[in-house]
Amino acid sequence: ALGFAGFAVTRKIPKGWTGRLFLVGVLGGLQGAIGWWMVSSGLKGGMTDVASYRLATHLGLAFIIFGTITWYILKIGRRSADLLTARRAGDARLWRLSNVLMGLAFLQIVLGALVAGIDAGRGYPDWPLMAGGWLPPDMWQLTPIWRNLFENDGTVQFIHRMSGYVLFLFGVYVWWRSRGSANRRTRAAFAMVMGMLVVQMALGIATVMTMAMAHVAIVHQLGAVLMWVLILRARFLSRYPFAQSVREARP
């Protein structure tokens, strides 16, 4: 807040960025409030951990803040005039597809927080099956039934796995469509996303099969951060591609 006020008073904030940067501060304050809401759930009698859905909310907002800052960095790193020119050459189809891909990635990250919140990654150390079957046993044993979506380790891990498959398959589709882009850097950006999806899928499988050993799980979480950044970068370049020579362009 002091830094923002200092730049505002000295008029060093670029034109049109005051509201955007203020938004980051508001989100940061909200994150603090949600952080306490999360921690307080672990301070109640009989609780040894925080509530998984509060942990997921806290992590989800963290990725929203990180994604917002990343997007701002990508935009402020190029001149406004260049962005206006680049937008005319943007690929509307890839932009729409990358929006869906971003949404699926965010959902998968939040579901991963639910898995971590109840240590659901430790319960079924086999893949592609779960306890020898395609479905985990006792998926809906808790009552009321909605509790299984947050507290049943088999159900939570199963949903996380299925969401991961959907994300991966849709990522393959987006990458395949991106190969038709005329812009070399845009194609490369989506190829990097595809590569990271493969790595992240492998890390997820390794996390499950090692019963979420700390070092494997942490690398998997870091992979989610890198995947998020790469998706945002590819999304940005689908709308604001870099200028290229005629020789670089693909018909």
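Q: Let's start with Tyr53: buried, partly exposed or exposed?
A: Partly exposed, with a relative accessibility of 39%. Keep in mind that this is a predicted model.

Q: OK, and how many aromatic pairs turn up in the whole structure?
A: Twelve. Tyr53 is in one of them, together with Trp37.

Q: How do those two rings sit, stacked or edge-to-face?
A: Edge-to-face: the planes make an angle of 65° and the centres are 6.1 Å apart. The cut-off for that label is over 60 degrees, so 65° qualifies.

Q: Where are Trp37 and Tyr53 in the chain?
A: Trp37 belongs to helix H2 (residues 18-40) and Tyr53 to helix H3 (residues 52-76). They're 16 residues apart, and the pair links distant parts of the chain.

Q: And how accessible is Trp37?
A: Its relative accessibility is 33%, so Trp37 counts as partly exposed.

Q: Which residues make up the cluster that ring pairs link?
A: Trp37 and Tyr53 again, plus Trp146 and Phe150.

Q: Now charges. How many salt bridges are there?
A: Three. One of them joins Glu151 and Arg147, with the closest N and O atoms 2.8 Å apart.

Q: How open are those two?
A: Each is partly exposed: Glu151 has a relative accessible area of 41%, and Arg147 comes in at 26%.

Q: What does Arg79 bridge to?
A: Asp82, at 3.2 Å between the closest N and O atoms.

Q: Is Arg79 buried or exposed?
A: Exposed, at 58% relative accessibility. The cut-off is over 50%, so Arg79 passes it.

Q: Last topic, charges over rings. What sits over Trp176?
A: The charged end of Arg179, 4.5 Å from the ring centre.

Q: And which residue lies over the face of Trp95?
A: Arg239, at 4.2 Å from the centre of the ring.

Methods:
Residues are numbered from 1 along each chain as its sequence is written. This is a predicted model: local features need pLDDT of at least 70, side-chain atom pairs count only at pLDDT 80 or more; totals for chains, interfaces and linings use all residues. Side-chain values use heavy atoms; hydrogens and water are left out. A salt bridge is a side-chain nitrogen of Lys or Arg within 4 Å of a carboxyl oxygen of Asp or Glu. Buried means under 20% relative accessible area, exposed over 50%, partly exposed in between (1.4 Å probe, protein chains only). Rings of Phe, Tyr and Trp (its six-membered ring) pair if their centres lie within 6.5 Å; planes under 30 degrees apart count as stacked, over 60 as edge-to-face and the rest as tilted. Helices (H or I, at least four residues) and strands (E, at least two) are DSSP runs, numbered from the N terminus. A charge sits over a ring if NZ of Lys or CZ of Arg is within 6 Å of the ring centre and within 35 degrees of the ring normal.
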